[in-house]
Amino acid sequence: MTSPRDVSPIAINKGFVLASASPRRVALLAQIGYAPRAICPAALDEVVLKGELPRNLAMRLAKSKAALIAATSDEPVLAADTVVARGRRILPKAEDETTARQCLELLSGAALRVYTGVCLIQGDAVHQRLVETRLRFKRLSQADMAAYLASGEWQGKAGGYAIQGRAASFVQNLSGSYSNVVGLPLFETAHLLQGAGLYPDGQGGES
């Protein structure tokens with residue numbers, strides 16, 4: 001378990017554990033005034049079940065991550081999982097250049113859906129949301145793909161791209177939550193936290 005000081009949040013909210021090691025999610029939470037008391041990544045096998053739909057996978061993994069950490073925590077636990085899909089096909093996290101290139105080839109000229117499941121477990125209560133964003137990529141040239149692969153931005157990213165980076169120039173249009181595509185839908189996450197009595201620093205209730 002690491003301290004939120006390790007990720008330099010802009011505000012400290014005493015009251016929940018984040019079951020994720022993603023620096024993007026920490027930064028997104030900080031953007032709306034939240035920071036977890038502790039960060040405790042959930043070591044979970046993210047295997048896709050046979051016939052599992054992308055939206056179901058995102059929600060199942062978010063709930064499983066939250067439940068795993070909540071089993072050893074007295075505080076509320078927030079978890080999320082983001083899945084990029086082309087139709088029913090789930091794109092992997094790109095851990096090597098070959099996978100990243102395959103993802104870019106699938107993204108090229110395609111309509112995609114990005115799903116994020118968000119789950120907050122507070123005692124016996126389970127609060128959850130599933131958010132969907134639709135986007136379309138332009139047709140990528142070989143030069144586009146070569147330059148993006150050389151940038152290294154794809155490393156560890158679902159679908160092999162980061163919309164908050166150079167891949168922003170590949171997205172022709174987007175319908176829905178932009179922060180969802182980055183990794184955490186902020187409107188829905190804030191709603192879950194505030195519904196559980198957890199407010200941004202200096203707002204409502206105790207922080």
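Not counting residues up to four places away in sequence, Tyr148 touches Leu104, Glu153, Trp154, Gly160, Tyr161, Ala162, Arg166, Ala167 and Phe170, contact meaning heavy atoms within 4.5 Å. The model is predicted, so local features need pLDDT of at least 70 and side-chain atom pairs count only at pLDDT 80 or more, while totals for chains, interfaces and linings use all residues. Residues are numbered from 1 along each chain as its sequence is written, and side-chain values use heavy atoms, with hydrogens and water left out.

In the largest nonpolar core, of 44 residues, Leu29, Leu135, Phe137, Tyr148 and Tyr161 touch the most other members. A nonpolar core is a set of buried Ala, Val, Leu, Ile, Met, Phe, Trp, Tyr and Cys residues joined through side-chain atoms within 4.5 Å; buried means under 20% relative accessible area, exposed over 50%, and partly exposed in between (1.4 Å probe, protein chains only). Helix α3 (97-107) is among the elements that each supply at least two residues of this core, and the largest share, five residues, comes from α3. Helices (H or I, at least four residues) and strands (E, at least two) are DSSP runs, numbered from the N terminus.

A pocket is an open set of points on a 1 Å grid over the protein atoms alone, where a 1.4 Å probe fits, with protein on both sides within 12 Å along at least five of seven lines; lining residues have an atom within 4 Å of a point. A volume is the space filled by probe spheres set on the points, which are joined across faces, edges and corners.

| Largest | about 410 Å³ | Ser22, Arg24, Arg25, Lys93 and Gly156 |

Ser179 lies in helix α5 (residues 178-182) and is buried, with a relative accessible area of 13%. The side chains of Ser179 and Ser177 are joined by a polar contact of 3.2 Å, that is, a pair of N or O atoms within 3.5 Å, where within protein one must be able to donate a hydrogen and the other to accept it, and residues adjacent in sequence count only if both atoms are side-chain atoms. Leaving aside neighbours within four places in sequence, Ser179 is in contact with Leu28, Leu184, Pro185 and Leu186.
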